[in-house]
Amino acid sequence: HLKMLKSMIKRSIAKRKRHPKYDCVVGVSGGKDSTRQAHWVRDRIGLRPLLVCCGYPPLQMTDIGANNLSNLISMGFDVEVFTPAPKSSAQLSLSSFRQFGNVSKAAEIALYSAVPRIAIEKKIPLILWGEAVS
């Protein structure tokens, strides 16, 4: 099945205008799954990913998450990180709590919108998600 997936992806990329540096965009959070996903895309499928992270609000970012993103960079991945200013983050969290009953929903929405926005902006033809976007 992996061989078939690789073939499908390579054909799909070949049909579109190829980005000079990246084959795909992968959304990452800094969690352990992000590292596995990044390696799987690069090392198992053979793609050149650009990792995109919409960082958690400053007070929610953990040292482990920050270290995981640093590790991805040290492993040769390019990572673009977007993080809201503390005041903006507080306003988004309050709005998210009022609308969804969940202060973290704002960060999730930001990540899920940042990944396709970056892919479109940079003309990268493929997005690979490691989890279901809801």
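This is a predicted model: local features need pLDDT of at least 70, side-chain atom pairs count only at pLDDT 80 or more; totals for chains, interfaces and linings use all residues.
Figure 1. Reading from the N terminus, the elements follow the order α-β-α-β-α-β-α-α-β. Of the 134 residues in the protein chain, 35% are buried. Among contacts with a separation of 6 or more, 76% join residues 24 or more positions apart. The protein chain exposes about 8,400 Å², and 58% of this comes from carbon and sulfur atoms.

**Figure 2. Confidence along the protein chain.** Before zooming in, here is a look at the scores. The mean pLDDT of the protein chain is 83, and 90% of the residues reach at least 70. Confidence is highest in β1, at a mean of 92, and lowest in α1, at 78.

**Figure 3. The largest nonpolar core, with its 17 residues.** The members that touch the most others are Cys 24, Val 26, Leu 47, Leu 51, Leu 72, Leu 126 and Leu 128. Two or more residues of this core come from each of α1 (2-15), β1 (24-27), α2 (32-44), β2 (49-54) and α3 (63-74). Another core, of 12 residues, lies apart from this one and includes Val 52, Leu 111, Tyr 112 and Ile 124. In soluble globular proteins, nonpolar side chains tend to be buried together.

**Figure 4. A close-up of Leu 126 and its contacts.** Which residues does Leu 126 contact, leaving aside neighbours within four places in sequence? They are Ile 9, Ile 13, Asp 23, Cys 24, Val 25 and Leu 47. Two of these, Cys 24 and Leu 47, are listed with Leu 126 among the core residues that touch the most other members.

**Figure 5. Ser 34 in helix α2.** Is Ser 34 buried or exposed? With a relative accessible area of 4%, Ser 34 is buried, because the cut-off for that label is under 20%. Not counting residues up to four places away in sequence, Ser 34 touches Val 28 and Ser 29.

**Figure 6. The salt bridge between Asp 78 and Lys 21.** The whole structure contains five salt bridges, and this view shows one of them, in which the closest N and O atoms of Asp 78 and Lys 21 are 3.1 Å apart. Asp 78 sits in strand β3 (residues 78-82) and Lys 21 in the loop between α1 and β1, so the pair ties together parts that are 57 residues apart in sequence. Asp 78 is partly exposed at 28% relative accessibility, and Lys 21 is partly exposed at 47%.

**Figure 7. The salt bridge between Lys 122 and Glu 80.** Here the closest N and O atoms are 3.2 Å apart. The pair links distant parts of the chain, with Lys 122 in helix α5 (residues 105-122) and Glu 80 in strand β3, 42 residues apart. Lys 122 counts as partly exposed, at 26% relative accessibility, as does Glu 80, at 24%.

Figure 8. Arg 117 is partly exposed, with a relative accessible area of 41%. Side chains of opposite charge can pair when their charged atoms come close.

Methods:
Residues are numbered from 1 along each chain as its sequence is written. Side-chain values use heavy atoms; hydrogens and water are left out. A nonpolar core is a set of buried Ala, Val, Leu, Ile, Met, Phe, Trp, Tyr and Cys residues joined through side-chain atoms within 4.5 Å. Buried means under 20% relative accessible area, exposed over 50%, partly exposed in between (1.4 Å probe, protein chains only). Helices (H or I, at least four residues) and strands (E, at least two) are DSSP runs, numbered from the N terminus. Contact means heavy atoms within 4.5 Å. pLDDT is the predictor's confidence in each residue, from 0 to 100. A salt bridge is a side-chain nitrogen of Lys or Arg within 4 Å of a carboxyl oxygen of Asp or Glu. Accessible areas come from the Shrake-Rupley method with a 1.4 Å probe; for residues, only the protein chains shown count as cover.
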